[in-house]
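This briefing is for a reader meeting the structure for the first time.

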Amino acid sequence: MDRRSFMTFSAISLAGLAGQWAVIEPERLTLAMRGKRVDAELVNWLEDTSKGLTALPTEQRQHTIRLMDAHLATVTHLIQDGVYGERTGRRLHLLAASLATTCGWHRFDQGQHWAAGKLWEAALQSAHAAGDRDHGAGVLSDFAYQANWLGEPKVSVDQLAHALSGIEHPAARSLLFLRRARAFAALGDSPACYRDLSEADSSLAVEATDPAPGWCGWMSPADLAVDSGQCLLELGRTEEAHARIAEGMSLLPRARDKTRGIFLTYQAKGYLQSNDVEQALAVTSESLDLATRIGAPRCVALIRDLAPAFTPYRRVDGVPEFLERLKAC
């Protein structure tokens, strides 16, 4: 039911949201009509606290989501009931957009797709109110990523077209082209996929004069290599996919353990397609160990999706034990 609700929201309501975002200029912020004045010192503290929470290592952030939710609720309350000038209001909306995006990703990782969509809708509205088109494009690309994850790549392609119309930073454009390439690969549209992979590669190679927006500051050659490999897997180019995924895994920093766990499942899928069961079992077990340690349900869900491919190999050492362990997760 949750999935169906999200896809209704994504395919119909999101289409209107994205179209409006692409063409409507943000309104100027107005003074709040009630409550106490919000001063710059308080906003400084709120921003610093948010940075501290999001900078925690992956395995610690699983324990801090309630703090993040409370932080978002506080900022939302100040926006609604506080008194502030235009500059302070813009900072509050930017902070709300960032927090709602992060909280939405937590719900996405937990499989709570409708809740993630509602938080990202709020993030899109706050980014729009603050006039931050970069962040708005990032939120649309999150919606698109989720749509592709839930088996609706056409929805993903459509949303990313809107997002790309409002973004200029090379790293951001690279990420959006890469996500659209994944959607085209899922659709089996190899020419469009290869075109967008080339655009993603060219964009990431551009020397930017400004820092990347916070929502895509992590975008790196490691992400480009692994997701390119995943596209190649979808399109049946297994050997090339192996090489690209291995390249990306070697470049990925240890701080990004959740991403590593997901990338390991991509690697395992490639090994299974090549009938290399021992290697597939090794990397899948590593991914499950990591996902269990850091609390990453989305990674565990990907591993479960691989289980049927292991079933014919029950006589291979370690496979029965792995499948039994997976049942208990």
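Helices, of type H or I with at least four residues, and strands, of type E with at least two, are DSSP runs numbered from the N terminus. On that basis the chain has 16 helices and zero strands. The model is predicted.

**Chain as a whole**
- The chain has 329 residues, and 50% of them count as buried.
- Its accessible surface is about 15,500 Å², with 53% of that belonging to carbon and sulfur atoms.
- Of the contacts between residues at least 6 apart in sequence, 67% join residues at least 24 apart.

**Nonpolar core**
- The largest nonpolar core contains 88 residues, among which Val75, Leu92, Phe310 and Phe322 touch the most other members.
- Helix 9, spanning residues 170–187, contributes nine residues to this core, the most of any.
- Setting aside residues up to four places away in sequence, Phe310 touches Leu272, Val277, Ala280, Leu281, Thr284, Val319, Phe322 and Leu323.

**Arg256**
- Arg256 sits in the loop that runs between helix 12 (238–251) and helix 13 (257–273).
- Arg256 counts as buried because its relative accessibility is 15%, and buried means under 20%.
- Beyond its neighbours within four places in sequence, Arg256 is in contact with Trp218, Ser220 and Asp223.
- With Asp223, Arg256 makes a polar contact between side chains, at 2.7 Å.

Key. Residues are numbered from 1 along each chain as its sequence is written. This is a predicted model: local features need pLDDT of at least 70, side-chain atom pairs count only at pLDDT 80 or more; totals for chains, interfaces and linings use all residues. Side-chain values use heavy atoms; hydrogens and water are left out. A nonpolar core is a set of buried Ala, Val, Leu, Ile, Met, Phe, Trp, Tyr and Cys residues joined through side-chain atoms within 4.5 Å. Buried means under 20% relative accessible area, exposed over 50%, partly exposed in between (1.4 Å probe, protein chains only). Contact means heavy atoms within 4.5 Å. A polar contact is a pair of N or O atoms within 3.5 Å; within protein, one must be able to donate a hydrogen and the other to accept it, and residues adjacent in sequence count only if both atoms are side-chain atoms. Accessible areas come from the Shrake-Rupley method with a 1.4 Å probe; for residues, only the protein chains shown count as cover.
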